[in-house]
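Q: Hi! Could you walk me through this one?

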Amino acid sequence: MMSTPGLLSAFRRTALVLALVTGGMPAFAQESTNQSTSQSATQIASNQPVGEVVLIPNRVIYPGETIGLTALKQVTLIAGKHKPDAVVTRAEDLDGKIAKRTLLPGRYIPSTAIREAWLVEQGASVQVFFIAGGLTISATAVTLQPGAAGDLVKVRNIDSGKILSGTVMADGTIQVSAS
């Protein structure tokens, strides 16, 4: 069935308006399937440009949920379409991350909608270290906010009650510096 160019552009305009109103941008793509090499060779031989392969949600992903590869599907963008700059579409950038807001199926995942998993949770008891040259002081503290590796978080020293700011280390400890 052939469609008229005016109808197609009206459809795309409607889809774009709907996407902007609902707060997401649709991925103009077709689902990737396991294509044999002969099909790929046929596409190349027929001078059809091969689209970029990206990952998008295949189901609703809720805030606070860990994003696993099973919740994503691989799609190939329609030839001539390019993904926006502020979206994440690669497996290594998505696997194990946490959704900060609801991610809808068939939509790009904005880079601002995901975060690293917390290494320290709010209210957790952690070891705090102050290191200066050969001097190392350690104390036990309670975190006042969650944080991932490299984040600056506030903690309360259990013994003195003093609030300190420190950097979350990869092993889940907090390192404070002289202030």
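This is a predicted model: local features need pLDDT of at least 70, side-chain atom pairs count only at pLDDT 80 or more; totals for chains, interfaces and linings use all residues.

Q: Great. Which residues make up the largest nonpolar core?

A: There are 12: Leu55, Ile61, Ile67, Ala71, Leu72, Val88, Leu94, Ala99, Leu103, Ile109, Ala113 and Ile114. A core here means buried (under 20% relative accessible area, 1.4 Å probe, protein chains only) Ala, Val, Leu, Ile, Met, Phe, Trp, Tyr and Cys residues joined through side-chain atoms within 4.5 Å. A second, separate core has nine residues, including Val120, Val126, Ala141 and Val176.

Q: And what does Leu55 contact?

A: Leaving aside neighbours within four places in sequence, Leu55 is in contact (heavy atoms within 4.5 Å) with Leu72, Lys73, Gln74, Val88, Thr89, Arg90, Ala91 and Leu94.

Q: New topic: is Lys97 buried or exposed?

A: Lys97 is buried, with a relative accessible area of 15%.

Q: Where is Lys97 placed, and what is Lys97 in contact with?

A: Lys97 lies in the loop between α3 (91–94) and β5 (98–99); helices (H or I, at least four residues) and strands (E, at least two) are DSSP runs, numbered from the N terminus. Beyond neighbours within four places in sequence, Lys97 is in contact with Glu65, Thr66, Ile67, Glu92, Ile114, Arg115 and Glu116.

Note on methods:
Residues are numbered from 1 along each chain as its sequence is written. Side-chain values use heavy atoms; hydrogens and water are left out. Buried means under 20% relative accessible area, exposed over 50%, partly exposed in between (1.4 Å probe, protein chains only).
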